[in-house]
Amino acid sequence: QVQLVESGGGLVQAGGSLRLSCAASGRTFSSYAMAWFRQAPGKEREIVAAINWSGDSTNYADSVKGRFTISRDNAKNTVYLQMNSLKPEDTAVYYCAADLDSDYETPYWGQGTQVTVSS
């Protein structure tokens, strides 16, 4: 089992940057694939970026390609999401997820962190 705590959200103007962090408990963090999801008001939760256990394979939603970067530090049990060139449509609650199978059907979830981008 793993517990996840996100941080780094906040209010930023369009064009700005934020870096989200997700700290994981447990000694088996490096066994998990990790991902960032987001959910905007009135919309379904969607995957934004994912990274495999070793960090050498990443995937991104088309809407964030070239602007967001996911990374992980297994020595620190932490996964990051660097968000650049933020747009108002990036406004959402961002959730960290951990999954052994990499399909994210039943992942462990963090509590979420709010990101608000003003125009």
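Predicted model: local features only at pLDDT ≥ 70, side-chain atom pairs only at ≥ 80, totals over all residues.
Residues are numbered from 1 along each chain as its sequence is written, and side-chain values use heavy atoms, with hydrogens and water left out.

Strands here are DSSP runs (E, at least two residues), numbered from the N terminus. Two strands pair if DSSP finds at least two bridges between them. Four strands form an open sheet in the order 1-3-8-7, with antiparallel pairing. Strand 1 (4–7) and strand 7 are the edge strands, and each pairs on one side only. On average, neighbouring strands of this sheet are turned by 15° against each other, direction ignored. Axes for that angle are lines fitted to C-alpha atoms, and angles run from 0 to 180 degrees between N-to-C directions.

Strand 8 has partners on two sides. Six bridges join strand 3 to strand 8, and the two run antiparallel. In this pairing, R19 has Q82 of strand 8 as its bridge partner. Strand 7 also pairs with strand 8 over six bridges in the antiparallel sense. There, F68 stands opposite M83 of strand 8. Strand 7 and strand 8 form a hairpin with four residues between them. N77, in the turn, has a positive phi of about 55°.

How enclosed is strand 8 by the rest of the structure? Five of its six residues are buried, so strand 8 is largely enclosed. Buried means under 20% relative accessible area, exposed over 50%, and partly exposed in between (1.4 Å probe, protein chains only).

## Cores

A nonpolar core is a set of buried Ala, Val, Leu, Ile, Met, Phe, Trp, Tyr and Cys residues joined through side-chain atoms within 4.5 Å. The largest one has 29 residues. M34, W36, L81, M83 and Y94 have the most contacts inside it. A second, separate core has seven residues, including A33, A50, Y95 and Y104.

Contact means heavy atoms within 4.5 Å. Leaving aside neighbours within four places in sequence, L81 is in contact with L18, R19, L20, W36, V48, A49, F68, T69, I70 and Y94.

## The disulfide

A disulfide is a pair of cysteine sulfur atoms within 2.5 Å. A search of the whole structure finds one. C22 and C96 form it, with their sulfur atoms 2.1 Å apart. The link is left-handed, with -80° about the S-S bond. C22 lies in strand 3 and C96 in strand 9, so the pair ties together parts that are 74 residues apart in sequence. Both C22 and C96 are buried.

| Residue | Relative accessibility |
|---|---|
| R67 | 9% |
| A49 | 1% |
| Y32 | 4% |

R67 is found in the loop between strand 6 (58–60) and strand 7. Why does R67 count as buried? The reason is its relative accessibility of 9%. The side chain of R67 reaches the backbone oxygen of S85 at 3.0 Å. Beyond four places in sequence, R67 is in contact with Q82, M83, N84, S85, L86, K87 and D90.

A49 lies in strand 5. Not counting residues up to four places away in sequence, A49 touches M34, A35, W36, N59, Y60, I70 and L81. A49 and A24 are 25 residues apart in sequence and 17 Å apart in space, C-alpha to C-alpha.

Y32 sits in the loop between strand 3 and strand 4. Leaving aside neighbours within four places in sequence, its contacts are Q1, V2, W53, R72, A98, D99, L100 and Y108. Y32 and N74 are 42 residues apart in sequence and 10 Å apart in space, C-alpha to C-alpha.

Notes: Polar contact = N/O pair within 3.5 Å; in protein donor to acceptor, adjacent residues only side chain to side chain.
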